[in-house]
2 protein chains.
Amino acid sequence: MEAFIKEHQKKIVRELEKVDGKKFTIDSWTRPDGGGGITCVLQDGNVFEKAGVNISVVYGTLPRAAIAKMRVNHKALDPDVESLEFFASGLSMVLHPINPMAPTVHLNYRYFETANADGTSNAWWYGGGCDLTPSYLFDEDAIHFHKTIKSACDKHDKDYYPRFKKWCDEYFRNTHRGESRGVGGIFFDDLDESEKDQEQLFSFVKDCLSAFLPSYLPIINKRKDLPYTEKEKQWQQLRRGRYVEFNLLHDRGTAFGIHTPGARVESILMSLPLTARWEYMHFPEKGSREQRLVNVLQTPVEWV
Amino acid sequence: MEAFIKEHQKKIVRELEKVDGKKFTIDSWTRPDGGGGITCVLQDGNVFEKAGVNISVVYGTLPRAAIAKMRVNHKALDPDVESLEFFASGLSMVLHPINPMAPTVHLNYRYFETANADGTSNAWWYGGGCDLTPSYLFDEDAIHFHKTIKSACDKHDKDYYPRFKKWCDEYFRNTHRGESRGVGGIFFDDLDESEKDQEQLFSFVKDCLSAFLPSYLPIINKRKDLPYTEKEKQWQQLRRGRYVEFNLLHDRGTAFGIHTPGARVESILMSLPLTARWEYMHFPEKGSREQRLVNVLQTPVEWV
């Protein structure tokens, strides 16, 4: 997994630099308690307002309290131990384009493993997903994005796409607003030996990650130079506000990271947009493109 | 409490309209499950980017799960009942000025009461506070603000100001950043009969609320027309980002509100600024005014 995400980070950064014309800043960092990562960020670019591609490979000891917290979502974890050794590696990425016609995209794939103090294996699982968040909805973009991901899923299991598409719609939801963050994609967590063996799941995750560039590049290239008005830019800023709300109020990964002592906060919060806006009681006009997006976010659509 | 906060909302709105020159929009709303409120908002004003003054008087039934959650902070609540009747009233306010030299201010005072199904009283308490969040620090403003609040506290108990000032520094803290949200003020919660009798505490809360206008008006009037640069405005936007982080990641009131079915989300999130900004790895220059603010936020100061 480590070698694969490293190689893929380079490839994604290279392709995004071609799209933007500006270079990413590359920060290598080490975690005081074990491991480290590489954070690549492009800010105030020609195409991207803010783009971050981050990998981390960290390890250390999980104290009892952290194990209890993780067990809520990962039943395989042994609750009766004082501490566990853990190893976690993953790639995560958020791209916020300048043009309001071009959608934000988020991707994260991760592998987690724990071991008992005597070195014997305790539990392991894969998690992750990829989802699209437009401010202006082009149906063909949502369809292309979902189709590409579905192809990657179908190679491994015909049930994966429908299961993980649904999971994505349920997970990335601003429940307090009664709307989804975006038009979805896939999301899964806790995929372990009760699902498939480790090699099969790694191969699945590899194919998902490899599907990212073909799923997003055609969209960004088609939308990045479309004309737009000041009013449309403002709408994008309001939608960025909703993005911030999801990430800070609901996202489990952000909450887990923020409350982990010694976590690299700048890498976790790199997912936030450069700018966002909140207006009291802003509602789009009936029949407008903005209203149509909200309708779709309230009731997720089957795109393929 | 209800009559007092209604009257005070009117008074505060009237005085702030004099400062801004623009009128507040007034929304009366009813809560489907009981009670309602009045939300006054001024957006894109001459002095305030966004200002909200909200009162609510709500009542209904607290289910067992909500009681268990509240018990973490309110030990007087009986854990062994299926449900409780509750009554809550409060005034809350956040003012975000346009000028980066003028500080954001937040205030909230509330009264909470529960009753058993047979109508007998179960528990009651007061909570609240008031705190100042500058982007550029003027020591004299922080001193004036704290002095005014201290006078109100001292009339009731000489221990109140030091106790509640410390509580404020501890509560309004972006723990993940290792810094306070602002330069503090006071904060308290769960003040009940173990503290003082109901009349004495109501009188204390009344004096705190009455101290707001004299604590803030001289500051906003002194700062609202100061000259500022584009770079200073940008720093304010980054500080607004930190404000959003606190409110969405750490604030108990926001979390409680957001997860309460039927809550009026627009009134809860009225506390968010109109605009905010997040830059990856932004650090102020050594020896700059921006750095001095950060130093003070890292290690809270005794202002009086």
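In what order do the strands of the open sheet in chain A stand? The order is E1-E2-E3-E4-E5-E6-E9, an open sheet of 7 strands with antiparallel pairing. The model is predicted: local features need pLDDT of at least 70, side-chain atom pairs count only at pLDDT 80 or more, and totals for chains, interfaces and linings use all residues. Residues are numbered from 1 along each chain as its sequence is written, chains are lettered from A and ligands numbered from 1 in the order in which they are written, and side-chain values use heavy atoms, with hydrogens and water left out.

**View 1**
Strands (E, at least two residues) and helices (H or I, at least four) are DSSP runs, numbered from the N terminus. Two strands pair if DSSP finds at least two bridges between them. Strand E1 (25-30) and strand E9 (184-191) of chain A stand at the edges. Each has a single partner strand, so one side of each is left without a neighbour in the sheet. From one strand to the next, the twist averages 10°. Angles run from 0 to 180 degrees between N-to-C directions; axes are lines fitted to C-alpha atoms, for helices over the stretch in contact.

**View 1. The hairpin of E1 and E2 in chain A.**
E1(A) and E2(A) run antiparallel and are joined by 6 bridges. Across this pair, A:Trp29 stands opposite A:Gly37 in E2(A). The two strands form a hairpin, with 4 residues between them. In the turn, A:Gly34 has a positive phi of about 135°.

**View 2. Strands E5 and E6 of chain A, with two helices on the sheet.**
Strand E5 (residues 104-115) and strand E6 (residues 121-133) of chain A pair in the antiparallel sense over 12 bridges. Here A:Asn108 stands opposite A:Gly129 in E6(A). Helix H3 (residues 139-154) of chain A packs on the sheet and touches E5, E6 and E9 of chain A. The direction of H3 makes about 30° with that of E9(A). Helix H1 (residues 2-20) of chain A lies across strand E2 (35-43), strand E3 (48-63) and strand E4 (83-97) of chain A. H1 runs at about 165° to E3(A).

A salt bridge is a side-chain nitrogen of Lys or Arg within 4 Å of a carboxyl oxygen of Asp or Glu. The structure holds 56 of them over all chains. One joins the side chains of A:Glu140 and A:Lys222 (2.9 Å, N to O). A:Glu140 lies in helix H3 and A:Lys222 in helix H6 (residues 212-223) of chain A, so the pair ties together parts that are 82 residues apart in sequence.

In chain B, 7 strands form an open sheet in the order E1-E2-E3-E4-E5-E6-E9, with antiparallel pairing. Strand E1 (25-30) and strand E9 (184-191) of chain B are at the edges. Strand E5 (residues 104-115) and strand E6 (residues 121-133) of chain B pair in the antiparallel sense over 12 bridges. In E6(B), B:Tyr126 is the bridge partner of B:Tyr111. Helix H3 (residues 139-154) of chain B lies across E5, E6 and E9 of chain B, at about 30° to E9(B). Helix H6 (residues 212-223) of chain B also packs on the sheet. H6 touches strand E3 (48-63), strand E4 (83-97), E5 and E6 of chain B, and its direction makes about 20° with that of E4(B).

**View 3. Where chain B meets chain A.**
Contact means heavy atoms within 4.5 Å. By this rule, 30 residues of chain B are in contact with 30 residues of chain A. The area buried between the chains is about 3,000 Å², and carbon and sulfur atoms give 60% of that area. Buried area is the accessible area (1.4 Å probe) that two parts lose on being put together, summed over both. B:Glu266, B:Trp278 and B:Tyr280 supply 28% of the area that chain B buries against chain A, more than any other three residues.

**View 4. Links across the interface.**
Between chain B and chain A the count is 4 salt bridges. In one salt bridge, the side chains of A:Glu266 and B:Arg177 meet (3.1 Å, N to O). Strand E10 (residues 275-277) of chain A and E10(B) run antiparallel, joined by 3 bridges. A:Ala276 stands opposite B:Ala276 in E10(B).
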